[in-house]
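Trainee: I would like to learn how to read salt bridges in a structure. Please take me through some cases.

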Amino acid sequence: MENFGLFLRKQKPITSKIQSRYKSPMKYKFAIVNPKARNVLLTEPLNIIILATYLKEFGISVKIIDEVAGDDVMSAIESFKPDLVGFTATTCAYPRALQLLKTVKSMGYLTIIGGVHASTLPEKAIEDGFDMVLVGEGEKTLLSIITKGEKKGIFKATRQDILKNEEICLPDRKLINMNFYLNSKNRLAYDANLEFVPYGQRMASMLTSRGCPFSCIFCHNTWRGTPIRVLSPEAIISEIEELMREHGVRYFLFLDDDFFQIKSRVVKFCELLLGGNIKINWATAARADSLDDEVLRISSRAGCRRLSFGFESGSQRILDVLNKKTSVEKNFIAAKLCNKYNIGVLGLFMIGNPTETKADIQLTWKFIKSTPLDSVAISTTTPFPGTQLWKWCQDKGYIHQDLDFSDFYFTFAPIQMPETFTPAEILRIKRRLIAKIYLFLPKIRMKFIINFLRNPLVMFQRISNYVPFMSNKD
């Protein structure tokens with residue numbers, strides 16, 4: 001994995017041979033819709049921006065219609081008049097995609113859908129009315145669909161369709177409303193991911209790698225099977241400098257599953273920041289077993305202000321059930337090491353795991369209480385289609401036909417896994433755990449109070465959505 005290459009800022013020019021296969025060279029129009037979901041997104045939709053950038057390099061006219069950022073989908077389609085309307089959708093956003101699909105189809109447009117949800121349930125997406133489904137990594141496969149003039153069917157990305165390092169474009173952010181996402185801190189003051197960003201400051205997100213070598217049972221990485229590809233330190237710096245120059249950004253959130261998986265890359269990145277006197281603040285996700293004293297020391301000097309960890313549980317038995325391939329002890333040591341270098345720690349935990357007992361949850365509370373955490377986020381374990389956890393639920397007979405996928409946003413239990421607790425009991429347990437966190441952890445309690453005083457209406461809405469006794473989900 002050390003032989004990583006540069007992500008190119010530009011693709012090779014389109015050849016006349018490929019160009020001649022288009023319906024009308026340089027005039028094919030593709031619209032891609034990003035539907036709004038119940039969960040609020042704080043970062044740019046980099047997946048579709050990179051996809052759109054790739055298609056643009058091959059002469060295709062692309063328009064991103066971002067409902068999340070306030071775009072009116074139907075009026076945008078009417079104005080653009082595309083040859084093909086594409087949709088991307090997480091599981092939570094899929095019901096909204098279906099609502100939009102009905103109108104788009106009634107207008108006579110050809111449609112296609114990609115993204116994690118359709119990739120795991122492609123036959124169902126065809127049954128729901130989409131003309132085509134793109135399964136897996138989309139750039140080359142979608143280009144092939146367009147150039148061949150495909151109209152119907154399921155198209156799966158093969159190993160040959162997986163982009164190499166040198167084939168991947170950096171995102172053309174002019175395709176979206178960047179101001180909407182740059183000001184996420186003002187929109188989402190309560191979000192723990194943004195605690196490293198001061199009020200009034202702009203933040204941009206970046207994706208510097210693809211692929212993950214681990215197979216947690218609740219994660220989509222278990223079916224993707226794509227190799228790890230990484231952005232070189234020089235390319236990361238280049239994109240940072242562009243965002244600083246074009247948008248005045250000084251705060252960056254790297255969306256990698258584990259930014260630290262190649263230590264030499266991180267060290268070189270930090271050396272370039274320090275050597276170039278590039279003063280930024282950044283945050284990302286990490287695994288405990290990817291960190292050591294050396295990499296955290298230089299990361300702190302280079303502006304790393306917060307790391308998030310999927311600790312999930314304080315019970316080693318549950319970590320093993322989830323196939324986390326880590327230990328409670330390693331997680332604790334990683335948090336202590338971050339604390340040593342003044343790097344904040346966001347601990348992510350899940351309640352309602354398979355076979356979880358009250359004793360396991362008590363161990364989670366013990367871990368939270370004894371570990372130097374700056375922020376804590378508690379989610380309800382959710383079996384997403386295509387994951388090993390979904391298959392486990394299928395085998396147990398827990399998956400029902402009347403699922404409302406818009407509920408799949410980690411707050412409630414959309415699927416009952418009654419090994420030990422009912423969904424209602426899980427909600428009550430989670431509510432009590434959250435209450436204990438705010439009552440007994442002074443640092444986190446103070447942050448909550450400050451956020452509430454600054455944004456009382458936003459915080460009240462957040463609480464009413466999250467706490468069962470104030471919600472119709474109870």
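This is a predicted model: local features need pLDDT of at least 70, side-chain atom pairs count only at pLDDT 80 or more; totals for chains, interfaces and linings use all residues.

Mentor: Residues are numbered from 1 along each chain as its sequence is written, and side-chain values use heavy atoms, with hydrogens and water left out.

Trainee: What is a salt bridge, and how many does the count come to?

Mentor: A salt bridge is a side-chain nitrogen of Lys or Arg within 4 Å of a carboxyl oxygen of Asp or Glu. The count by this rule is 23 salt bridges. One of them joins the side chains of Lys124 and Asp128, at 2.7 Å from N to O.

Trainee: Is Lys124 buried, exposed or partly exposed?

Mentor: Buried means under 20% relative accessible area, exposed over 50%, and partly exposed in between (1.4 Å probe, protein chains only). Lys124 has 38% relative accessibility and counts as partly exposed. Asp128, at 24%, is partly exposed.

Trainee: Which salt bridge does Arg265 form?

Mentor: Its side chain meets that of Asp256, at 4.0 Å from N to O. Arg265 is buried, at 2% relative accessible area, and Asp256 is buried at 2%.

Trainee: What about Glu312 and Lys324?

Mentor: Their side chains form a salt bridge of 3.4 Å, N to O. Glu312 is buried at 7% relative accessibility, and Lys324 is buried at 8%.

Trainee: Which residues are linked in a network of salt bridges?

Mentor: Glu137, Glu139, Arg210 and Arg229 are linked in this way.
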